[in-house]
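Please open the structure in your viewer and keep the sequence beside it, so that each stop on this tour can be selected in turn.

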Amino acid sequence: MLVRLEVAPVVSIGSMPFKINSLTENVNPIELREYLAACFSVVPPPLPEAQAYGHVVRFARSAEEFIRALDKAVLGLSDGPSVPGKRRVSKETWVAWVDQIFDLVMHRIGKNCNDSLAKMIPWT
């Protein structure tokens with residue numbers, strides 16, 4: 001689910017009420033990154049792929065924890081937007097991925113091709 005820009009100014013919490021099971025344990029929660037990029041407080045389950053964001057989200061392992069985490073997120077809204085969360089995902093863009101892949105390709109094929117190939121790539 002993409003965060004709709006017209007909704008973002010009124011919504012401040014991204015909830016992810018996934019029931020933890022063998023299917024969801026293998027999910028890559030893209031919306032977690034979208035919520036963080038929109039400066040939302042995020043309440044996800046402790047999915048393996050979400051663990052790297054533990055310092056900028058409030059994990060919920062049960063329905064009770066989910067409700068408590070939402071309450072804390074609402075109370076924490078007075079602190080302002082989740083800027084640390086936005087910073088955490090700021091480098092996770094398609095341009096950053098392409099740059100990383102480009103660097104790997106350049107390293108693999110050698111520096112001799114850098115100049116001619118770099119001229120074909122507009123962002124280098």
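This is a predicted model: local features need pLDDT of at least 70, side-chain atom pairs count only at pLDDT 80 or more; totals for chains, interfaces and linings use all residues.

Select P45, which counts as buried because its relative accessibility is 1%; buried means under 20% relative accessible area, exposed over 50%, and partly exposed in between, with a 1.4 Å probe and protein chains only. P45 sits in the loop between β2 and α2 (63–75), where helices (H or I, at least four residues) and strands (E, at least two) are DSSP runs numbered from the N terminus.

Residues are numbered from 1 along each chain as its sequence is written, and side-chain values use heavy atoms, with hydrogens and water left out.

Next, show the whole chain as a cartoon and follow it from the N terminus, where the elements run β-α-β-α-α-α-α, giving five helices and two strands. Of the 124 residues of the chain, 29% count as buried.

Select helix α1, residues 30–37. Six of its eight residues are buried, namely E31, L32, R33, E34, Y35 and L36.

Move on to C39, in the loop between α1 and β2 (41–43). Is C39 buried or exposed? C39 is buried, with a relative accessible area of 17%. Its phi is positive, about 65°, although C39 is not a glycine. Most residues other than glycine have a negative phi.

Now colour the nonpolar core, meaning a set of buried Ala, Val, Leu, Ile, Met, Phe, Trp, Tyr and Cys residues joined through side-chain atoms within 4.5 Å. The largest such core has 13 residues, and those with the most contacts inside it are L32, L36, V42, Y53 and V57. Helix α1 gives the largest share of this core, three residues. A second, separate core has six residues, among them I13, V43, A69 and A73. In soluble globular proteins, nonpolar side chains tend to be buried together.

For the next stop, select the residues that line the largest pocket: N28, I30, R33, E34, A37, V89, E92, T93, W94 and W97. A pocket is defined on a 1 Å grid over the protein atoms alone, as an open set of points where a 1.4 Å probe fits, with protein on both sides within 12 Å along at least five of seven lines, and lining residues have an atom within 4 Å of a point. About 290 Å³ of space lies in this pocket, a volume being the space filled by probe spheres set on the points, which are joined across faces, edges and corners. Which helix supplies the largest share of the lining? That helix is α1, with four residues, and α1 and α4 each supply at least two.

Finally, select V105 in helix α4, residues 94–109. V105 counts as partly exposed because its relative accessibility is 37%.
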